[in-house]
Amino acid sequence: MNEPNQISGNSRWSQAGFSTRAIHVGSEADPATGAVVTPIYQTSTYAQDGVGGLRQGLGTGYEYSRSGNPTRTALEECLAALEAPDGSAQGFAFASGLAAEDALLRSLLRPGDHIVIPDDAYGGTYRLVSRVAEPWGVRHTPASIVDVEEVRAAIEPGRTRLVWIETPTNPLLSVADIAALAEVTHEAGALLVVDNTFATPYLQQPLSLGADIVVHSTTKYCGGHSDVVGGAVVVSDRASAPWMAGVAGLGESVSERVGFHQNSMGAVPGPFDSWLVQRGLKTLAVRMERHCDNAEKVVEMLRQHPKITRVLYPALDDHPGHKAAAEQMRRFGGMISFQVAGGREAALEVCRKARVFTLAESLGGVESLIEHPGQMTHASVAGSALEVPDDLVRISVGLEDASDLIADLEQALG
């Protein structure tokens with residue numbers, strides 16, 4: 001009789017396909033009961049086998065659930081296996097996407113350091129950098145991530161520690177050439193961070209293209225059902241930060257530093273939230289295929305509509321990032337932005353009139369959402385270099401019947 005598998009490592013699945021890894025890594029049968037679904041270890045603390053003697057049996061010892069929890073471990077191992085199938089990365093789960101970003105910034109930056117960010121970054125990221133990190137002494141420069149030379153020019157040799165990109169970006173869906181930016185970043189002795197929330201590890205794996213670190217809001221596609229808030233950092237084993245060696249008594253390993261800050265700052269997800277995100281990952285591949293199918297049909301309608309002045313979607317031949325997206329993404333995603341003739345009021349009217357599309361922030365759930373970025377998710381960038389057009393509408397295309405989504409947008413535009 002075979003011994004039950006333990007929650008540990010993903011080497012046995014390194015040659016498996018994406019969906020197989022999503023279903024099995026971190027979800028091996030529970031050694032105590034044989035349960036095929038990872039248990040929710042709803043506990044704050046753990047009995048020790050003697051003072052300092054942590055009980056083994058689930059791959060590692062546990063003492064306190066801020067420091068580690070078997071349900072969270074299962075999620076972290078699964079995330080790492082999806083971003084780096086060869087086992088060359090480590091995953092860290094957080095209570096939100098911004099908690100993940102904050103821990104990463106504090107792990108790798110000190111006052112006087114500098115980072116490059118997208119000139120159309122997510123509003124929450126910009127707020128964190130400009131209003132939290134900057135008063136702490138970290139400077140930033142926005143740059144167009146589609147222009148490799150502009151990013152190169154924004155780097156300050158000896159001071160720039162991170163080049164931070166989203167691809168596609170939120171909400172203008174700009175696409176960066178990850179491999180080219182990795183080369184430029186590494187030439188400067190910095191690390192390339194990729195927010196992979198829009199693409200997900202199913203559509204795009206930045207670590208394989210030279211990126212050092214991936215961040216996610218797992219609230220979005222990874223969770224996939226609009227019922228959990230979470231975040232993640234996945235760090236390549238090769239990533240090091242020599243400028244931080246000795247700070248807080250740590251070395252230059254990025255994984256070591258992120259793990260230390262995760263525990264020290266404590267912005268971790270609870271066991272049930274971890275379980276929900278891991279459950280979502282198991283269906284990520286099939287959901288993303290449907291998101292992409294529906295998005296392509298909606299884009300086709302929008303391009304032909306007389307009240308739409310511009311459609312932003314990487315699958316389109318006239319999209320500036322189409323070539324890069326086609327080379328580094330499996331498909332083009334479920335996010336679409338478009339600009340409406342008539343300006344701000346016309347865009348707001350479309351949002352008000354939609355019925356199948358729910359007027360709400362966030363994205364990546366099974367239900368379709370619509371929003372006005374200028375007054376909702378990106379209100380924090382108003383008046384800055386990152387301000388978005390006021391005639392812009394962003395939609396997250398869900399899993400409903402495409403014909404219903406198209407009919408809803410047609411009536412909202414009509």
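A search of the whole structure, which is a predicted model, finds zero disulfides, a disulfide being a pair of cysteine sulfur atoms within 2.5 Å. Cys292 is in no disulfide, and the nearest cysteine sulfur, that of Cys222, is 14 Å away. A disulfide is a covalent bond between the sulfur atoms of two cysteines.

Cys292 has a relative accessible area of 0% and is therefore buried; buried means under 20% relative accessible area, exposed over 50%, and partly exposed in between, with a 1.4 Å probe and protein chains only. Cys351 is also buried, at a relative accessible area of 4%.

## Basis of the model

Local features need pLDDT of at least 70 and side-chain atom pairs count only at pLDDT 80 or more, whereas totals for chains, interfaces and linings use all residues. Residues are numbered from 1 along each chain as its sequence is written, and side-chain values use heavy atoms, with hydrogens and water left out.

## Overall architecture

The protein chain has 13 helices and 12 strands. These elements are DSSP runs numbered from the N terminus: helices are H or I with at least four residues, and strands are E with at least two. The radius of gyration is 21 Å, close to the 22 Å that the globule rule gives for 414 residues, so the protein chain is as compact as a globular protein of that length. The radius is taken over C-alpha atoms, and the globule rule is 2.2 Å times the number of residues to the power 0.38. Along the principal axes, the C-alpha atoms fill a box of roughly 70 × 50 × 35 Å.

Of the 414 residues in the protein chain, 56% are buried. Among contacts with a separation of 6 or more, 70% are between residues 24 or more positions apart, where contact means heavy atoms within 4.5 Å. The protein chain exposes about 16000 Å², and carbon and sulfur atoms supply 50% of that area. Accessible areas come from the Shrake-Rupley method with a 1.4 Å probe; for residues, only the protein chains shown count as cover.

Five strands form an open sheet in the order 8-9-12-11-10, with mixed pairing. Two strands pair if DSSP finds at least two bridges between them. Strand 8 (308–312) and strand 10 (358–359) are the edge strands, each pairing on one side only. Strand 9 (residues 335–340) and strand 12 (residues 392–396) run antiparallel and are joined by five bridges; Ile336 has Ile395 of strand 12 as its bridge partner.

Helix 10 (residues 284–304) lies across strand 8, strand 9 and strand 12, and runs at about 10° to strand 9. Axes here are lines fitted to C-alpha atoms, for helices over the stretch in contact, and angles run from 0 to 180 degrees between N-to-C directions. In helix 12 (residues 343–353), the buried residues are Ala346, Ala347, Leu348, Val350 and Cys351. Their cover includes strand 9, strand 10, strand 11 (369–371), strand 12 and helix 13 (402–413).

## Strands 2 and 3

Strand 2 (residues 114–118) is mostly covered, with five of its five residues buried. Five bridges join strand 2 to strand 3 (residues 139–143), and the two run parallel. Within this pairing, Ile115 stands opposite His140 in strand 3.

## Surroundings of Thr200

Thr200 is located in helix 7 (residues 200–203). Its relative accessibility is 0%, so Thr200 counts as buried. Apart from neighbours within four places in sequence, Thr200 is in contact with His216, Tyr221, Leu284 and Met288.

## Backbone exceptions

Most residues other than glycine have a negative phi, and most peptide bonds are trans. A cis peptide bond, with omega about -5°, joins Thr167 and Pro168. The bond from Asn170 to Pro171 is also cis, with omega near 15°. Pro168 lies in the loop between strand 4 (160–166) and helix 6 (178–187), and Pro171 lies in the loop between strand 4 and helix 6.

Ala248 has a positive phi, near 60°. This residue is found in the loop between strand 7 (231–236) and helix 8 (254–265), and Ala248 is exposed, with a relative accessible area of 51%. Ser362 likewise has a positive phi, of about 80°, although it is not a glycine. Ser362 lies in the loop between strand 10 and strand 11 and is partly exposed, at a relative accessible area of 27%.
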